[in-house]
Amino acid sequence: MINLGIIGCGSVMQGPYMELVNKFIFKKLVNLKSVSDTNLDLQPILKKKIFFENFFTDYNQILNDKKIDVVLILTSMKEHAKIAKQALLEDKHVLVEKPMATNMKELDGLFKIAKSSNKFLIPAPFVTLSPTYQAINLELKNKTIGNVSLARARYGWAGPDWGEWYYKTGGGPLFDLGVYNITTLTGLLGPVKNLVAKSSLSSPYRTINEKKFKARTNDNFQIMLEFKNGCIGVVTTGFTMQQYKSPAVELYGSSGTIQMLGDDWEPKGFEIWRNSRSSWELYNTPYANWPWASGFNHLIECILKKKRPSIKLDHAYHVNEIMIKINESSKKNKEVSIGSSFKPLKFTKKVKIKKGHLDHDRDHDGI
Ligand SMILES: NC(=O)c1ccc[n+]([C@@H]2O[C@H](COP(=O)([O-])OP(=O)(O)OC[C@H]3O[C@@H](n4cnc5c(N)ncnc54)[C@H](O)[C@@H]3O)[C@@H](O)[C@H]2O)c1
């Protein structure tokens, strides 16, 4: 039985993670030994929802417990790097929500410790585990649309109405939302060499729990990424997007186009245009309920089966560096280079995605 500790018991813990953890508790594979949150008021709320042995306001009591094997870090963002570093040093496997770190110093410190540890560090997001992502990845590898030269990705919404920290320094939509798109695009297209970005503060005041306060971090981003393979990509993200119906990801190749439908953290399938067939082909996903928190399942599976995670640390570091440099580019109004790189991601399981239907009528002029 794997003993688990959870640090940070807010929205994401009480929603998607609790659902997955409960399934493993039911199967008797995981024991939720301790949970920690600085907000003591959460203890009775959690008690009604999930079984655990201890509640601590000081997370060190979880890290100092030798019986705990795995720690989930689900706190606000600025705490992630420090807690993750400490947890690895205490010999725990770690899942950390995004971002791993909000500045280069903390990112480098955590990375160094993770690289020399024999425990797993699994940083969110887990979009590369989604079967739809993996199916698109395979199509690119097979050159179904030729060489990709342009890419677009977007993820945004109006912004959280909980957690003031989302609007403070070290929060914001880039670390919270743009991170999914950057993970997806780099996963599919490889490393980025340069970037240039603009960001702005569109809503200087936000209201949470009927309290109006001044936002301290930009909520609106347009980002241009130049990939090492020559492709140019654009990411649009913000707590400034009320709704959309556009594809999550668009990939423009020399002989066709691929569009991921829905959001990359919750894909609805994808469409391929091939010049050779002169039609759109819709691939429905049989995995519509793929849970975006499934990095947790992956971590438990890797521990039980003693196999290395498919979430690669070098890739996560690269994505985190890109985000930190996006803020730098936007602040200094200049192009910035990226120092890190990573090897192409490999997936062992072959995904099966059914072709939905051909749509000959939906051409560019008809939309
Ligand atoms: N909410 C979502 O839909 C969502 C989705 C995906 C990922 N995430 C990520 O999950 C993380 C948490 O987001 P959230 O929306 O649940 O935030 P939240 O504010 O609802 O919860 C964070 C919790 O962490 C606690 N906390 C802060 N510092 C702590 C510390 N030192 N020790 C113990 N507890 C501490 C807070 O009291 C709070 O209860 C963030 O990294 C976010 O980007 C959130």
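Let's start where α6 meets α7. In α6, the residues Y133, I136, N137 and L140 touch T184, G187 and L188 of α7. Contact here is a matter of C-beta atoms, placed from the backbone, lying within 7 Å of each other. By class, that contact has four nonpolar residues, three polar and no charged. Nonpolar covers Ala, Val, Leu, Ile, Met, Phe, Trp, Tyr, Cys and Pro; charged covers Asp, Glu, Lys and Arg; the others, Gly among them, are polar.

Now the geometry. α6 is residues 131-141 and α7 is residues 173-189; their axes come within 9 Å and cross at roughly 30°. Axes are lines fitted to C-alpha atoms, for helices over the stretch in contact, with angles from 0 to 180 degrees between N-to-C directions. The crossing of α6 and α7 is right-handed. Right-handed says the near helix is turned clockwise from the far one by less than a right angle, and left-handed says anticlockwise.

A word on the source. This is a predicted model, where local features need pLDDT of at least 70, side-chain atom pairs count only at pLDDT 80 or more, and totals for chains, interfaces and linings use all residues. Numbering starts from 1 along each chain, as its sequence is written.

Next, the sheet. It is open, with six strands in the order β3-β2-β1-β4-β5-β6, and the pairing is parallel. β3 (54-56) and β6 (121-123) are the edge strands, each with a single partner, so one side of each has no neighbour in the sheet. From one strand to the next, the twist averages 20°. Strands and helices are DSSP runs numbered from the N terminus: E of at least two residues for strands, H or I of at least four for helices. Pairing takes at least two DSSP bridges between two strands. β1 (residues 2-7) and β2 (residues 30-36) pair over six bridges. G5 has S34 in β2 as its bridge partner. Helix α1 lies across β1, β2 and β4 (70-73), at about 150° to β2.

On to the domains. Domain 1 is 2-123; domain 2 is 127-288 + 319-359. Those bounds come from an automatic or database assignment. Their C-alpha centres lie 26 Å apart. Across the boundary, 13 residues of domain 1 contact eleven of domain 2.

Technical notes. Two residues are in contact if their C-beta atoms, placed from the backbone, lie within 7 Å.
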